[in-house]
Amino acid sequence: MRSVVLDTETTGMPVTDGHRIIEIGCVELNGRRLTGRHFHVYLQPDREVDEGAIAVHGITNEFLADKPRFREVADEFFEFIKDAQLIIHNAAFDIGFINNEFSLLRQSERADIAQHCSVLDTLLMARERHPGQRNSLDALCKRYGVDNSGRDLHGALLDAEILADVYLAMTGGQTHLSLAGDSELDAGGRAIPTAIRRLPADRRRTLVLRAKDEELAAHAARMAAIEKAAGALPLWVQLEQQAATAGQQDVAEPA
């Protein structure tokens, strides 16, 4: 599945007071692997940034003066996120602002971004998994051991990168599985297999510990008790019997 981890910074809040997006940061995941593709832009909002917002993200009116407006990047941004799963922390906030930007451009077909992307809110996910605890991005970084030492101020691209690591940790811990070692990615984000590393023939053999007779007897007794309580044979025994029956039928049939 192609996913886009997304974050925005704004002139303030709420969007209903006329606040606008001033930064968008996105990083792409494909099959739970970072592809290296990203989308990042600062935007001229055509309004002042609130002092309280500047204290959070450090983005000033002077810095934004020569930046593009949303209409100049709208198509590129839409193409980057279209048909992807959007992974956002507190998704209602960012989605509300994104929809508003497209609405201001009178692009009604894009003004409900959930019609073009699925949305996964990591804040709601974290609240379900850790009820009654702090579930801010910083709190999740501490809980899952994700390095956020460079996050003195909020920044859309940095926060998207951090959230990608948090999401991967929340949903499995292991960020990728490669039996042939670390692989490079092709232009489509697919792993390019590396050469299989063969173990030397003269390597030290792994010690095999076999069950003792009394351990096998205890195991059989335990399985019999489970079978009696369940009123049915274990699934693997049923499958073994089915395979044995099928094998007998194959032998009995004339060639």
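This is a predicted model: local features need pLDDT of at least 70, side-chain atom pairs count only at pLDDT 80 or more; totals for chains, interfaces and linings use all residues.
Local features are described where pLDDT is at least 70, side-chain atom pairs count only at pLDDT 80 or more, and totals for chains, interfaces and linings use all residues. Residues are numbered from 1 along each chain as its sequence is written, and side-chain values use heavy atoms, leaving out hydrogens and water.

The sheet is open and has five strands in the order β3-β2-β1-β4-β5, with mixed pairing; helices (H or I, at least four residues) and strands (E, at least two) are DSSP runs numbered from the N terminus, and two strands pair if DSSP finds at least two bridges between them. Its edge strands are β3 (34–42) and β5 (118–121), each of which pairs on one side only. Neighbouring strands are turned against each other by 25 degrees on average, direction ignored. Between β4 (residues 85–88) and β5 the pairing is parallel and runs over four bridges, with Leu86 opposite Val119 in β5.

Helix α4 (residues 91–104) lies across β1 (2–10), β2 (21–30), β4 and β5, and runs at about 80 degrees to β1, where axes are lines fitted to C-alpha atoms, for helices over the stretch in contact, and angles run from 0 to 180 degrees between N-to-C directions. Helix α5 (residues 122–129) also packs on the sheet, touching β4 and β5, contact being heavy atoms within 4.5 Å.

In helix α6 (residues 137–144), the buried residues are Leu137, Ala139, Leu140 and Cys141, buried meaning under 20% relative accessible area with a 1.4 Å probe, protein chains only. Their cover includes α5 and α7 (156–170). Just after α6, Gly145 takes a positive phi of about 70 degrees.

Key
Buried means under 20% relative accessible area, exposed over 50%, partly exposed in between (1.4 Å probe, protein chains only).
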